[in-house]
Amino acid sequence: LNLQAANLMVNYDLPWNPNRIEQRFGRIHRIGQTEVCRLWNLVATNTREGEVFNRLLAKIDEQRRAYGGEVFDVLGEAFEGTPLRVLLMEAIRYGDLPETRARMEQVIDKQVGEGLDQLLKERALASEVLSKADLAELRQAMDEARARRLQPHYIELAFREAFSRLGGRLARRERGRFEATNVPAVVRAATQLPIATRYERVTFDLPHVQPDGLVRADLLAPGHPLHDAVMTETERQLRPALDAGTVLVSAAVTTPRLLVGVELEVVDGTDEPISRRFSYAFVDEHGIVTDAGPAPYLDAVAAPPGPITDAAGSLPWLVDGEQRAVSWLIEHRLPAFRAEVAPRREAELRKLRSQVIERLSTERDRLYVEATVAGDQERSGQKPKESADSLTRKADDLDARLTRRLRRLDQQEQLAARPPRILAAAVVLPIADAVDEIASNEPLRHAVQTQAVERRGVDAVLAAERRLGRQPVEQ
């Protein structure tokens, strides 16, 4: 049951399997829950059963603080050797004996305290131990990821321009928040997902979603139906312009270059995408291809319309530039991207495979044993709770399911890289070639100056952080 409409839960009767506590709580603590969820466990005081639960819950709470809350989902296996049900039965039958009480406390402390740490490590799908070399690579990858990521102000600029072009209206309200007073029919028709005709509040930045005392705002970002519908319709209408490419001006180049942006994608044997990434390459007039970095567009602005843009589009060496860039990216970037994805994928599937085998085979074997016992009872004239045939069918179904899961895991281990798909192309001109047009265009001159200052500022901050031995702060 999906009960995230509620956020308070009371366990009136505690289950004997600790896993059930988390499973019950998970009914309200789900994706879509907007409130803080709270859980009360009612325990009968002055009873032997209550003593077991009090000791258990106190130890769980201690471990919860140590592990940030991620403990309940493995407690069932932590008690695999001495199930909680056995502890409770022993406490009820022999709770007056000091040795029974001491053993109960010893088992709970050991199983929850010591066994839990090892169990979490075994079940973790990622390693948290990094060498200095790994840390350096991770730091570089994080810097590149920041450059690749769509920042909220880019999303806001693109959405507001596209939304207005399609006939939508955004009215500024509180700081960083807007009211979408009209969502055009053409936008609502661009997706099968439900989209309202108006939104009381929307924002593009997470801190402005629900400031104190204000109504909650929709976060417009990739994945929100309104954002995606606007971008889908805009792309449909402007596809010819995207195919034609554009002309940019940048202080980062000294000669005209063709910038080509492609999507690299790694898929598994089921043709399911595993990882995607943008990659960019520059091609110069001599046909030499070089790496353009993770986000070369940050150094560029749109060139002003006029003779310079007309001439840029007719440069003779552009004819085979895109194909040269794609061939270079296939040779120099695609293998490295696949090699980067493969170890993570292999480690994840290796642990997943062991868990699938353990869980399904254990349950299958249990059912086969029960089927044998039920068959013996039937032959002796007794009537078992469930017939041997029924138990055998369930075991056979689990065996077939295990075979299917392992076959699919085999397919998921087979990784392949799809050919790069060109998504962007632009002629990038040095500022010197467009100095006259820039000088006569006040908005463009301001954009170029601002871009240069911002880039120098970000680079200076990152360099200073590294000199101090700190991980660069996010800008």
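Modeller: Start with aspartate 271. Its relative accessibility is 48%, so aspartate 271 counts as partly exposed. Buried means under 20% relative accessible area, exposed over 50%, and partly exposed in between, with a 1.4 Å probe and protein chains only. Before going further, note that this is a predicted model: local features need pLDDT of at least 70, side-chain atom pairs count only at pLDDT 80 or more, and totals for chains, interfaces and linings use all residues. Residues are numbered from 1 along each chain as its sequence is written, and side-chain values use heavy atoms, with hydrogens and water left out.

Aspartate 271 is not a glycine, yet its phi is positive, at about 70°. The residue sits in the loop between β8 (257-267) and β9 (273-283). Helices (H or I, at least four residues) and strands (E, at least two) are DSSP runs, numbered from the N terminus.

Now the sheet around that loop. β8 and β9 belong to an open sheet of 6 strands with mixed pairing, in the order β10-β9-β8-β12-β7-β11. Its edge strands are β10 (289-291) and β11 (300-302), and each pairs on one side only. From one strand to the next, the twist averages 40°. Two strands pair if DSSP finds at least two bridges between them. β9 and β10 run antiparallel and are joined by 3 bridges. Phenylalanine 282 has threonine 290, in β10, as its bridge partner.

A helix covers part of this sheet. Helix α12 (residues 334-379) lies across β8, β9 and β12 (416-430), and runs at about 155° to β9. Axes are lines fitted to C-alpha atoms, for helices over the stretch in contact, and angles run from 0 to 180 degrees between N-to-C directions. Contact means heavy atoms within 4.5 Å.

α12 also meets helix α13 (residues 388-413). Their axes come within 8 Å and cross at roughly 165°. α12 and α13 are therefore roughly antiparallel to each other. Angles under 35 degrees count as roughly parallel, over 145 as roughly antiparallel, 65 to 115 as roughly perpendicular and the rest as oblique. The crossing of α12 and α13 is left-handed: the near helix is turned anticlockwise from the far one by less than a right angle, where clockwise would be right-handed. Residues of this contact divide into 16 nonpolar, 4 polar and 13 charged. Ala, Val, Leu, Ile, Met, Phe, Trp, Tyr, Cys and Pro count as nonpolar, Asp, Glu, Lys and Arg as charged, and the others, Gly among them, as polar.

Compare another helix pair. The axes of helix α7 (residues 152-165) and helix α9 (residues 225-244) come within 10 Å and cross at roughly 65°. That makes α7 and α9 roughly perpendicular to each other. Their crossing is left-handed. Among the residues that meet are Phe159 and Phe163 in α7, and Val230 and Met231 in α9. The contact of α7 with α9 has 9 nonpolar, 3 polar and 1 charged residues.

Histidine 224 lies in the loop between β6 (218-219) and α9. At 12% relative accessibility, histidine 224 counts as buried. Leaving aside neighbours within four places in sequence, histidine 224 is in contact with Tyr199, Asp218 and Leu219.

Finally, look at strand β1 (residues 8-11). β1 runs parallel to strand β2 (residues 38-41), and 4 bridges join them. Asparagine 11 has asparagine 41 as its bridge partner in β2.
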